[in-house]
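Hi,

Here is the structure I promised to pass on. My notes on its cavities and cores follow below.

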Amino acid sequence: MEPPAPLAAGAASLSELSFGALRAREFSRLDARDEAYLDYTGSALPFDSHVAWHLTLLRTELFGNPHSESRTSLASTHWVDAARRSVLAFVDADPAEYEVVFTANASAAVKLVGEGFPFGPQSRLVLSADNHNSVLGIREFARRAGVAAAHVPLDADLRLRDAQRILESAVPRQPSLFAFPAQSNFSGVRHPLDLVHRARALGYVVLLDAAAFVPSAPLSLRAVPADFVTLSLYKLLGYPTGVGALVARRDALARLRRPWFAGGTVEFSSVQNDMHMLRTGFAGFEDGTPNFLALSAVPYGLGMFREIGMARVSEQLRPMPVALIRELHALRHRNGRPLVTVYGPTDGDARGGTVAFNLSDRRGHWIHHERVEARAAEHGVSVRSGCFCNPGAAEHAFGFDAARTAACIESSRRHHPDPQLWKERFSRCMDGAPIGAVRASVGIATNDRDLSRLLESLDTWRH
């Protein structure tokens, strides 16, 4: 009962299709709805054939709760197991060394590591300043053990600076953790994956956040042997939502200490004796019933990407952000002032398809990012605005001073508990500095016309 090859009878192989033909076959609704979708770092779009295949599977098969031995239960178990194998294959992980824990999302995968990591008073936690809030939140678990987080700062291009020095600044004397993203969800910067080798050689356990990376670049855990890797499958496949994964080295997973137990995670539990025994491996970390219907869609979806070829996807997308940045820099007001400020690197060296920017008027005053997003939406262009749950990259990009930021946060929070009023007061306190940005991100169905439509919507701000 393995998933069939992701092809309709007589259809051309996905590896043989041009990306234009792939868009026409799998994402025709974009042009039918006259929509330019540029929010792939927020979520991918589902393939038509993926959704159709899964609907057929659900209509023809019988699935029951997998925690049983009935035929319907075993059918669910089969597809959940197939999903685990497909994830390991997608990230080129040796099944003898790695296993997969399915979670509700990438944030839940990060939390499993943070809450179970055996921090001691002599442990170290090193985080890159460029990190999703879900990764930054690990510092709260470390703080309970008396461990303060050290942060790797960013340079002018929002790349990591002095990572080696900070990792070497103290010798880990108890289990220590280093966590960073393979690709920034704010700027699109791809951080050096050899940090995995360097940190592990110094005695750190390494958590690699790959959620923003794997939709547009191949990842091999045989070449980059991170201890923990977090994934969000809807950011890659678009469908199903509500499924994330923690890909973990077996020895690293065994070192985590779960703070509680739940249905599905125990071999036994006794009320009268106040005892329980956790199951080993992934089974001790998947609380309750897994999302078995959604997981049955995963093998087919990942199979489609393997057939297209992640190297081809990477090559297709690589020139797009560079071309977009070039055109953004060319937009100027009639008085010669630049319309757009781009954050992060402007060339194609070690960057993905995410571009963050802000607009300013002809006098140099910032235009609120939400207004820019709304104007783009009027032109049928989907982008995203805000800080993208990445405060470290945003603070550095916007040039925030730490002391002044702290004072403005406290003042704004004290006077305006309402979130919208709080943000307005904070911005005024920071002398009108931007408190968010606009983010455009490309994906497998993006074409040049999508980028042109974004530029046309931005051009309407020129005066």
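**Cavities and cores**

Helix 4 (71–90) and helix 10 (233–237) each supply at least two lining residues to the second largest cavity. Helices here are DSSP runs (H or I, at least four residues), numbered from the N terminus.

This is a predicted model; local features need pLDDT of at least 70 and side-chain atom pairs pLDDT 80 or more, while totals for chains, interfaces and linings use all residues. Residues are numbered from 1 along each chain as its sequence is written, and side-chain values use heavy atoms, without hydrogens and water.

The second largest cavity holds about 40 Å³. A cavity is a set of points on a 1 Å grid over the protein atoms alone where a 1.4 Å probe fits but cannot get out; lining residues have an atom within 4 Å of a point. A volume is the space filled by probe spheres set on the points, which are joined across faces, edges and corners. Among the lining residues are Val 87, Phe 90, Leu 233 and Leu 236. The lining has eight nonpolar residues, no polar and no charged.

The largest cavity holds about 190 Å³. Of its 20 lining residues, Tyr 40, Pro 215, Lys 235, Val 442 and Gly 443 are the closest to its centre.

Now the packing. The largest nonpolar core has 119 residues. Such a core joins buried (under 20% relative accessible area, 1.4 Å probe, protein chains only) Ala, Val, Leu, Ile, Met, Phe, Trp, Tyr and Cys residues through side-chain atoms within 4.5 Å. Helix 4 gives the most to this core, with eight residues.

Best wishes

Notes: On a 1 Å grid over the protein atoms alone, a cavity is a set of points where a 1.4 Å probe fits but cannot get out, and a pocket is an open set with protein on both sides within 12 Å along at least five of seven lines; lining residues have an atom within 4 Å of a point. Ala, Val, Leu, Ile, Met, Phe, Trp, Tyr, Cys and Pro count as nonpolar, Asp, Glu, Lys and Arg as charged, and the others, Gly among them, as polar. Buried means under 20% relative accessible area, exposed over 50%, partly exposed in between (1.4 Å probe, protein chains only).
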